[in-house]
Amino acid sequence: INFYYDPQNYKTIFSTLNNLSKGDEIIVNYNNQDIIYKVEDQKVLGVNDVKPLEEIKPSYLNESTMVLMTCWPPGTKAKRLLINATKVN
């Protein structure tokens, strides 16, 4: 499935999200600061089942989370692949 990936084409940048596994780190550089997130899980959902504002963890835990989402399988609009991650630093 990696044949859709082209680092020169921003539209394909998430086509390899399926390679992420629980415990993998995602580094986001924002304002010259690296923010590290750890992958909690990945799931495939139907287009109508995606709830973009749904909390990953209860708010009382006060944890920063992130969801990465792409079309699944790559090159289609059939479903969505979501990667849930929690900030570790």
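**Exercise 1.** State how β3 and β4 are joined, and describe the turn of the hairpin.

*Solution.* Eight bridges join β3 to β4, and the two strands run antiparallel. Strands here are DSSP runs of E with at least two residues, numbered from the N terminus, and two of them pair if DSSP finds at least two bridges between them. Within this pairing, L68 stands opposite I83 in β4. Six residues lie between the strands of the hairpin. In that turn, G75 has a positive phi of about 85°.

The model is predicted: local features need pLDDT of at least 70, side-chain atom pairs count only at pLDDT 80 or more, and totals for chains, interfaces and linings use all residues. Numbering starts from 1 along each chain as its sequence is written, and side-chain values use heavy atoms, without hydrogens and water.

**Exercise 2.** Characterise the largest pocket by volume and lining.

*Solution.* A pocket is an open set of points on a 1 Å grid over the protein atoms alone, where a 1.4 Å probe fits, with protein on both sides within 12 Å along at least five of seven lines; lining residues have an atom within 4 Å of a point. The volume, the space filled by probe spheres set on the points, is about 250 Å³. The lining has 14 residues, with K51, E54, V67, L82 and N84 nearest the centre. Elements giving two or more residues are β2 (33–46), β3 (65–72) and β4 (79–87); β2 gives the most, three.

Key
Helices (H or I, at least four residues) and strands (E, at least two) are DSSP runs, numbered from the N terminus.
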